[in-house]
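Let us walk through a protein model, one region at a time. Keep the structure turning on your screen as you read.

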Amino acid sequence: MYLARRLPPAVEAEMHRRYELKINESDVVLSAEQLIAAAQGCEYLVVSVTELVTAQVISGLVPSLRLIATHSVGVDHIDLDAARMSGVAVLYSPNVLSAACAEIALLLILNAARRGFEADTLVRSGRWTGFAPTQLLGLGLVGRRLGIFGMGRIGREVAARARGFGMAVHYCNRNRLPESEERGAIYHASSDELLPHSDVLCICLPGGSEVVGWLDARRIDLLPTDAIVVNIARGIIVDDDALIGALSSRRLFAAGLDVFANEPAIDERYRALPNVFLTPHIGSATTETRDAMGFLLLDGMQAIEQGRPPPNHFY
């Protein structure tokens, strides 16, 4: 087994126990050529969202490569067609990170609405002179409409938490949920229908080429005045020029972003904006969740080895 990024100690210990394990000790993102060289001869390749497992990588590792396991719920960084053509199985780690990601969504919503970055900066700078009735006025969440684009497991967990803050939930999804799962949420058949009802827009849909640059200037103009945009999905879904322009002009009240295009080389203009709250792709970053993701991959591997269908087999 080749482990392309470091995983939590408990997961690595179990990998060591079960397999002859080689680890990328530097924990830096490897190029295709480096990944091929490092994982040569390995049957199992374990990656995260940072590794591009291209057709070149797969062809460079077969016939020894039998399985690719990604420590993520998304698989858009893996050439699935190439894996399928080469007879290489793909495992992923869904279902166990929904709650953690939803918590980050609420963190972003609250900090964007209540100007968390500005407040923290004011206190740390030593410039805070004390309470003032008009200081850092933000937006309350009670009665505001939360628009969730992508009502999968994570989206539903976000909705459950948002209801506790008194928000009305609207959503757009490929398919409408059963009434029992909607829990009063209002369905919109298209994103253009959803946006005018989104005082807070939370992007939760999976990545993919069809959604690159989806949140562009035209769609931002469909949002209510002083809307908030939160992205916990993939950075490529947002048109940076359009979002930064809307934040700079105050067309939008604020944004909260956990993911970015070209991570970690984010658009420098975000760093200068006081009305955007930024976190470094930590949606699933709890000890419990990252452990669960790793052990889910190991469970899938064991199932394959025992001739059982793994619950987390992507295809």
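Buried means under 20% relative accessible area, exposed means over 50%, and partly exposed lies in between, with a 1.4 Å probe and protein chains only. Ala69 sits in strand 4, residues 67–70. Strands (E, at least two residues) and helices (H or I, at least four) are DSSP runs, numbered from the N terminus.

A word on the source: this is a predicted model, in which local features need pLDDT of at least 70, side-chain atom pairs count only at pLDDT 80 or more, and totals for chains, interfaces and linings use all residues. Residues are numbered from 1 along each chain as its sequence is written, and side-chain values use heavy atoms, with hydrogens and water left out.

Back to Ala69. Which residues does Ala69 contact, leaving aside its neighbours within four places in sequence? They are Leu45, Val46, Val47, Leu91, Leu297 and Met301. Contact here means heavy atoms within 4.5 Å. Gly300 is 231 residues from Ala69 in sequence, yet their C-alpha atoms are 8.9 Å apart in space.

Now turn to helix 1, residues 9–18. Its buried residues are Val11, Glu12, Glu14 and Met15. Seen down the helix axis, they fall within an arc of 160°, so they line one face of helix 1. That arc is taken from the directions from the helix axis to the C-beta atoms. The face turned away from the buried side carries exposed Pro9 and Arg17. What do the buried residues of helix 1 pack against? Their partners are strand 1 (2–3), strand 2 (22–23), strand 3 (44–47) and helix 12 (287–305).

Next, look for the cores. In soluble globular proteins, nonpolar side chains tend to be buried together. A nonpolar core is a set of buried Ala, Val, Leu, Ile, Met, Phe, Trp, Tyr and Cys residues joined through side-chain atoms within 4.5 Å. The largest one here has 34 residues. Leu146, Ile148, Met151, Val158, Ile228 and Ile232 have the most contacts inside it. Several elements give two or more residues to this core, among them strand 6 (145–149), helix 7 (153–164) and strand 10 (228–231). Helix 5 gives the most, with nine residues. A second, separate core has 30 residues, including Val211, Leu247, Leu252 and Val276.

Is Arg219 buried or exposed? Arg219 is buried, with a relative accessible area of 18%. It belongs to helix 10, residues 217–220. Beyond residues up to four places away in sequence, Arg219 touches Ser191, Asp192, Leu195 and Trp214. Arg174, by contrast, is exposed, with a relative accessible area of 75%. Arg174 lies in the loop between strand 7 and helix 8 (179–182).

On a 1 Å grid over the protein atoms alone, a cavity is a set of points where a 1.4 Å probe fits but cannot get out; a pocket is an open set with protein on both sides within 12 Å along at least five of seven lines; lining residues have an atom within 4 Å of a point. Grid points are joined across faces, edges and corners, and a volume is the space filled by probe spheres set on the points. The count comes to one cavity of 30 Å³ or more. The largest cavity holds about 40 Å³. Its lining is Asn231, Gly235, Val238, Asp240, Leu257, Val259, Phe260 and Tyr270. The second largest pocket has a volume of about 150 Å³. Among its lining residues are Met1, Tyr19, Arg66 and Glu305.

Finally, inspect the backbone. Most residues other than glycine have a negative phi, and most peptide bonds are trans. The bond from Val62 to Pro63 is cis, with omega near 15°. Another cis peptide bond joins Glu263 and Pro264, with omega about 0°. Asn95 has a positive phi, near 75°. At 44% relative accessibility, Asn95 is partly exposed. Arg183 also has a positive phi, of about 50°, and Arg183 is exposed at 53% relative accessibility.
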